Amino acid sequence: MKNWNIKIEYCIILFLILTIFFLSLTQQNSQHWSAHFDSDWFNIYNILLLNSGYQQEFYDHPALSLYLISSTVLKFYDFFNSNLNFQIDSINDVKNLDLYFFKIFSIARYINAIVHCLCVFFLYLILNKFRCEKTFNIMILFTLVFSNFFLINLFQIRPEIYSVLFFLISLFFLLHYFENNKKIYFLLLSGFCAGFAYISKIQILFFLGFLVLIIPHIPFILKKNYNDKFNTAVAHENIKFYSILFYSYLFMSLLYILFEIFIIYEHPRYINHPKI
């Protein structure tokens with residue numbers, strides 16, 4: 001019976017991942033590459049810049065992980081298919097610019113769909129490390145997939161989901177570090193992925209800061225290390241700590257939102273210009 005439950009669980013996760021990929025593919029085929037100026041076209045341009053050996057533009061919105069991964073895949077595509085030379089210096093020689101930019105858009109969207117699938121996969125692995133009901137874990141995954149944030153990022157080329165993916169991988173390796181006798185290479189991998197999360201989207205610092213605060217308590221919440229009597233005592237002792245942590249995190253988040261609305265977007269650079 002237990003084996004059947006595991007097989008059903010795997011089938012549900014596989015179904016969810018395939019649904020995400022084919023949903024993205026279907027929507028991609030009905031959308032022109034220039035449909036979203038502030039996300040798709042802007043990021044296509046920067047991918048092309050990086051692929052051509054130039055520096056990206058708009059450093060306060062780095063998205064470097066997105067550009068680095070997409071330009072690397074673009075180089076492989078360019079190597080095996082020499083019909084289109086993805087170099088911005090030779091763009092005047094391109095006969096069909098619509099097809100040219102559509103190819104870059106398609107490659108970026110395929111990678112974007114894979115990144116979304118990997119987010120679901122790593123979140124599933126992370127949830128399984130905690131002492132939670134399997135049904136509850138599946139419900140969390142479905143809630144994420146059909147959330148507004150997830151679908152918006154699925155249908156556009158945006159850096160937020162790259163940042164989330166690297167954050168989840170970082171958290172996965174960190175949990176693995178505490179599960180496997182604190183082997184240092186898991187911690188190094190976690191830090192490496194946290195760095196990639198940061199250069200994808202600076203706002204991920206709020207999640208990374210929260211992660212740093214809970215590190216001392218991770219050994220007590222992992223399923224592998226769980227001990228009912230000991231963990232219950234620890235939970236009662238630390239309830240005040242978690243309350244302070246939650247309200248501090250909420251205050252920091254609200255403070256950032258107010259900062260962005262009333263200061264950043266009122267800056268002359270942003271007034272009457274597309275917001276990224």
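A residue counts as exposed when its relative accessible area is over 50%, and as buried when that area is under 20%. The structure is a predicted model.

**Helix α8**
- Helix α8 spans residues 184-200, which makes 17 residues.
- From first C-alpha to last, α8 reaches 25 Å, close to the 24 Å expected at 1.5 Å a residue.
- The buried residues in α8 include F186, S190, C193, A194, F196, A197 and S200.
- I184, L188 and F192 are exposed, and they sit on the face of α8 turned away from its buried side.
- Among the elements covering the buried residues of α8 are α3 (64-80), α7 (160-179) and α9 (205-214).

**Helix α7**
- Helix α7, one of the elements that cover the buried residues of α8, has 20 residues.
- The distance from the first C-alpha of α7 to its last is 29 Å, close to the 28 Å expected at 1.5 Å a residue.
- Helix α7 is itself mostly covered, with 18 of its 20 residues buried.
- Just after α7 comes N181, which takes a positive phi of about 55°.

**Residue Q28**
- Q28 belongs to helix α1, which runs over residues 2-28.
- Is Q28 buried or exposed? Q28 is buried, because its relative accessible area is 2%, and the cut-off for buried is under 20%.
- Leaving aside residues up to four places away in sequence, Q28 touches F105, S106, R109 and Y110.

Conventions. Residues are numbered from 1 along each chain as its sequence is written. This is a predicted model: local features need pLDDT of at least 70, side-chain atom pairs count only at pLDDT 80 or more; totals for chains, interfaces and linings use all residues. Side-chain values use heavy atoms; hydrogens and water are left out. Helices (H or I, at least four residues) and strands (E, at least two) are DSSP runs, numbered from the N terminus. The expected span of a helix is 1.5 Å times one less than its number of residues. Buried means under 20% relative accessible area, exposed over 50%, partly exposed in between (1.4 Å probe, protein chains only). Contact means heavy atoms within 4.5 Å.
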